[in-house]
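Please consult the sequence and the structure alongside the text.

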Amino acid sequence: MTDISSLLPASVLRNLADKLYEKRKNAALEQYGGSFMVQGHQSCKLLQFVEGVVRTLTAAGDHEKISAIINVLTHEFAFSPQANHRKGGLIGLAAATVGLASEAAQHLEQIVPPVLNSFSDQDSRVRYYACEALYNIAKVARGEFIVFFNQIFDALCKLSADSDANVQSAAHLLDRLVKDIVTESDQFSIEEFIPLLRERMNVLNPYVRQFLVGWITVLDSVPDIDMLGFLPDFLDGLFNMLSDSSHEIRQQADSALSEFLQEIKNSPSVDYGRMAEILVLRASSTDEFTRLTSITWMNEFVKLGGDQLVPYYADILGAILPCISDKEEKIRVVARETNEELRAIKAGPTEGFDIGAVLTIARRELSNECEATRIEALHWMAVLLEKHRKEVISFLDDIFPALLDALSDPSEDVVLLVLEVHACIARDAPHFRHLVVFLVHHFRMDHSLLEKRGTLILRRLCILLDAERVYRELSTILEGEADLDFASVMVQALNLILLNSSELAELRALIKQSLSNPSGRDLFNALYSSWCHSPMATISLCLLAQAYQHASAVIQSLVEEDINVKFLVQLDKLVRLLETPIFTYLRLQLLDPGRYTWLLKTLYGLLMLLPQQSAAFKILRTRLKTVPAYTFSGELPNISANAIRRTASGNPYAQILSHIPSLPSGSQNVEDGDRNTDISNGTNGINFTMRLQQFEHMQRQHRLHCKSQSQMTRQTRRSNSSGTAQEAQRSDEPRRSSLPADSSRPPSRSSWRS
């Protein structure tokens, strides 16, 4: 056993534990020349006793005695419960390291741990002495010191946020020395350091954040250390610092990120995938600067990533689309540019492009509150349908409900784009049928959609999918519609669109040829079956097809129950439409009343249905008054002009109308202008008698439905009124004896209605 008293006299040990700093320091110094620097103090004296003893033993190669001295300094001083002892021990360990000089590496395992342990001491002066001691130990050991780097880094990370300003200053001095040592060492292991750095990047303390960014910047500047390869491990932490309350920290983090982005541009090998996941998360940050930076990075990644990024395109799109509507213009500009870059990529499923994931993102963003984002989501669906139609159709069940709901979007631009996507899907016959069926169902469930957007939707579909095809399919569906009220409303809407829309001019032209053209006749028959749901729509269709005798027959078939407010509103609209350019041909035909007698009878029939005080009545009567009382040939068929002038009623057409025969129920119509047609063949193949029966049958169904609805309403009112009466009867029970005899009568009808 080594006698420690022979090496370190009791006086020296007492002075090391002395509460006065100068005595402790002098106990560690000796008269030999040396270079021991005590940081943070003005004086710097020659090394004294401890250094001298250790140096002598080092020269003699007696490392056993040196270990004994270090053990005493560690266990009796550095680990002592007394703060002054701990301070003296730290000074002694530093002095011993200086004495060891070039052979300090053999004893660093004994010297460094107690010093590191002192960094967490409760006494701030002890922590300060620990920084001072480790500074001098590091200065002597240099590269050999690297083996303790992770422990030292962890300790410095904590000391950078120390509550004592002097400790912070000492830690900063030590930090600079350690950085110098690391940058010149070839023993530093970045692989061992990164896990510790990644763990510390989540700390929110501003001093620690500055410390971490400083180290990242220093290590990245060392050519032999590949920080870029480990960037995904601490990238999220750097982005997190961009929203720090300290401007200096935000600036340092941004500077570091900018440097890394430049390195990425110049590097042939980068792990884009892991970093893309981080950028996607940061793009939804509440901090504006963080969003801008992440979007900027994604923009560069899309340009540089190539095949590596293909599996991540859906996630990137999910981050980009909301940013297109960002309140900050810079973010919107970069997001739009990135979105265009993504759309231009030609990767397919074989390259890992996940079409289903992209469609899921687009479907999700259809419910985004911002219009610009919803529009871009629809553009993506349209692009994918164009490039990968087969794959998109396989996901139709996932996206179709969302596309139908989007028809109710408050933005007209969004609705128009939705219709383009629907039209693109409906190119195939099965999907076309599917679209129209679900569209009708959507209108049935949401009457406000039909009222507010029905015209826009149907007109646009007629442009995109061929008007005749759309109307034929709608007619087929509505013919068998169980909800008769909805069918009537839907047919009326379709009829108004047919008569009003410029987009349907060709369809109207074809219907006008119903009596002479097989295609027109076929279309007339296809529409008629469903148009029967609405008397006014049926009359309009006949006027458009110039089937005036049939129109008159339809009017004559109407009964009292058919003439209601809804009917009169529709009739008002038709009368006004007769004054539009669409019915110019009809008004011109009135110039030849002898030839178009059924037209006259039809118009007079409509006039008779209108209330005389209504505006529509006055409009139609005014029009009929302008019809000339003669033909250009000077006579009417079978009726002389003189006979017309002698008409006592004052109506020049009374004689004409009186000469129009009433056809037997089984005969065919002879329409105006077709008097020489062989009626045995029907009028160009249209069996108007059968059509009239079809119309009457449909109207009977509507009347029965109306009566059923009325009965249910009355029963409900009676039930409610009965319940009310019974309650009143119970409440009046105590007073019944005082009531008149007739007070027990049932409530009147007026009370039911109330």
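Helices here are DSSP runs of H or I with at least four residues, numbered from the N terminus. The model is predicted, with local features requiring pLDDT of at least 70 and side-chain atom pairs pLDDT 80 or more, whereas totals for chains, interfaces and linings use all residues. Residues are numbered from 1 along each chain as its sequence is written, and side-chain values use heavy atoms, without hydrogens or water.

Serine 614 sits in the loop between α33 (597-609) and α34 (615-625). Its relative accessible area is 19%, so serine 614 counts as buried (under 20% relative accessible area, with a 1.4 Å probe and protein chains only). A polar atom of the serine 614 side chain lies 2.6 Å from the backbone oxygen of proline 611.

Helix α29 (residues 535-545) packs with helix α30 (residues 548-557) at about 165 degrees, their axes 8 Å apart; axes are lines fitted to C-alpha atoms over the stretch in contact, and angles run from 0 to 180 degrees between N-to-C directions. The pair is therefore roughly antiparallel (over 145 degrees). In the contact (heavy atoms within 4.5 Å), residues of α29 including Ile539 and Leu543 meet residues of α30, among them Val554 and Ile555. This contact has seven nonpolar, two polar and no charged residues; Ala, Val, Leu, Ile, Met, Phe, Trp, Tyr, Cys and Pro count as nonpolar, Asp, Glu, Lys and Arg as charged, and the others, Gly among them, as polar.

The axes of helix α19 (residues 371-387) and helix α22 (residues 412-425) come within 10 Å and cross at roughly 15 degrees. Helix α19 is therefore roughly parallel to α22 (under 35 degrees). Their contact comprises 11 nonpolar, one polar and three charged residues.

Definitions and conventions:
Helix = DSSP H or I, 4+ residues; strand = E, 2+ residues; numbered from the N terminus. Buried < 20%, exposed > 50% of the residue type's maximum accessible area, 1.4 Å probe, protein only. Polar contact = N/O pair within 3.5 Å; in protein donor to acceptor, adjacent residues only side chain to side chain. Parallel < 35°, antiparallel > 145°, perpendicular 65-115°, else oblique.
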